Amino acid sequence: QVRLVESGGGLVQAGGSLRLSCAASGISFAIYNMDWYRQAPGKQRELVATLNSGSSTRYADSVKGRFFISRDNAKNTGYLQMNNLKPEDTGVYYCRLARINDYWGQGTQVTVSS
């Protein structure tokens with residue numbers, strides 16, 4: 001059974017940092033592309049960052065230079081380092097692994113106060 005568990009969210013002041021983790025089990029983690037999405041209240045879920053199995057990354061314009069996606073295949077874990085956080089970064093953050101099928105975690109709440 002595939003399981004993705006996000007952690008690391010919380011309440012932080014604007015300008016602060018958080019590192020989210022996505023621990024995967026029951027899956028060949030290294031061969032999957034990994035994405036981080038977020039969903040703010042009343043808004044659609046949006047793609048924040050992508051890291052494919054070949055180490056190529058892409059970021060939403062709104063987070064470029066502030067967020068950094070990485071993975072440790074030996075630990076079956078992905079990360080999203082978030083720096084210089086802004087109130088508009090508030091939302092539930094989800095990791096997704098995708099190849100032929102895709103799998104989602106349950107999400108972790110990030111709240112940035114002004």
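Trp104 is partly exposed, with a relative accessible area of 35%; on this scale, buried means under 20% relative accessible area, exposed over 50%, and partly exposed in between, for a 1.4 Å probe and protein chains only. The model is predicted, so local features need pLDDT of at least 70 and side-chain atom pairs count only at pLDDT 80 or more, while totals for chains, interfaces and linings use all residues. Residues are numbered from 1 along each chain as its sequence is written, and side-chain values use heavy atoms, with hydrogens and water left out.

A pair of aromatic rings is described by the distance of the centres and the angle of the planes. Rings of Phe, Tyr and Trp (its six-membered ring) were paired if their centres lie within 6.5 Å, with planes under 30 degrees apart counted as stacked, over 60 as edge-to-face and the rest as tilted. The whole structure holds 4 aromatic pairs. In one of them, the ring centres of Tyr59 and Phe68 lie 6.5 Å apart with the planes at 70 degrees, so this pair is edge-to-face. Tyr59 is partly exposed at 21% relative accessibility, and Phe68 is partly exposed at 39%. The pair of Tyr94 and Trp104 is also edge-to-face, because the centres are 6.4 Å apart and the planes stand at 80 degrees. This pair links distant parts of the chain, with Tyr94 in strand β9 (residues 91-98) and Trp104 in strand β10 (residues 102-104), 10 residues apart. Strands (E, at least two residues) are DSSP runs, numbered from the N terminus. Tyr94 is buried, with 12% relative accessibility.

Tyr37, Tyr94 and Trp104 form one aromatic cluster. Arg45 has its charged end over the ring of Tyr94, 3.8 Å from the centre, and over the ring of Trp104, 4.8 Å from the centre. For such an arrangement, NZ of Lys or CZ of Arg must be within 6 Å of the ring centre and within 35 degrees of the ring normal.

Strand β9 also contains Arg96, which is buried at 18% relative accessible area. The side chain of Arg96 makes polar contacts with the side chains of Asp35, at 2.6 Å, and Asp102, at 3.0 Å. A polar contact is a pair of N or O atoms within 3.5 Å; within protein, one must be able to donate a hydrogen and the other to accept it, and residues adjacent in sequence count only if both atoms are side-chain atoms. Beyond four places in sequence, Arg96 touches residues including Leu4, Asn33, Tyr37 and Trp104, contact meaning heavy atoms within 4.5 Å.

A nonpolar core is a set of buried Ala, Val, Leu, Ile, Met, Phe, Trp, Tyr and Cys residues joined through side-chain atoms within 4.5 Å. The largest nonpolar core has 26 residues, of which Trp36, Phe67, Leu80, Met82, Tyr93 and Leu97 touch the most other members. Two or more residues come from each of β3 (18-25), β4 (33-39), β5 (46-51), β7 (67-72), β8, β9 and β11 (108-113). The most come from β3, with 4 residues. Outside four places in sequence, the contacts of Tyr93 include Trp36, Phe67, Leu80 and Met82, together with Glu6 and Arg38.

Tyr79 lies in strand β8 (residues 77-82) and is buried, with a relative accessible area of 12%. Neighbours within four places aside, the residues in contact with Tyr79 include Arg19, Met34, Trp36, Phe68 and Asp72. Tyr79 and Leu97 are 18 residues apart in sequence and 12 Å apart in space, C-alpha to C-alpha.
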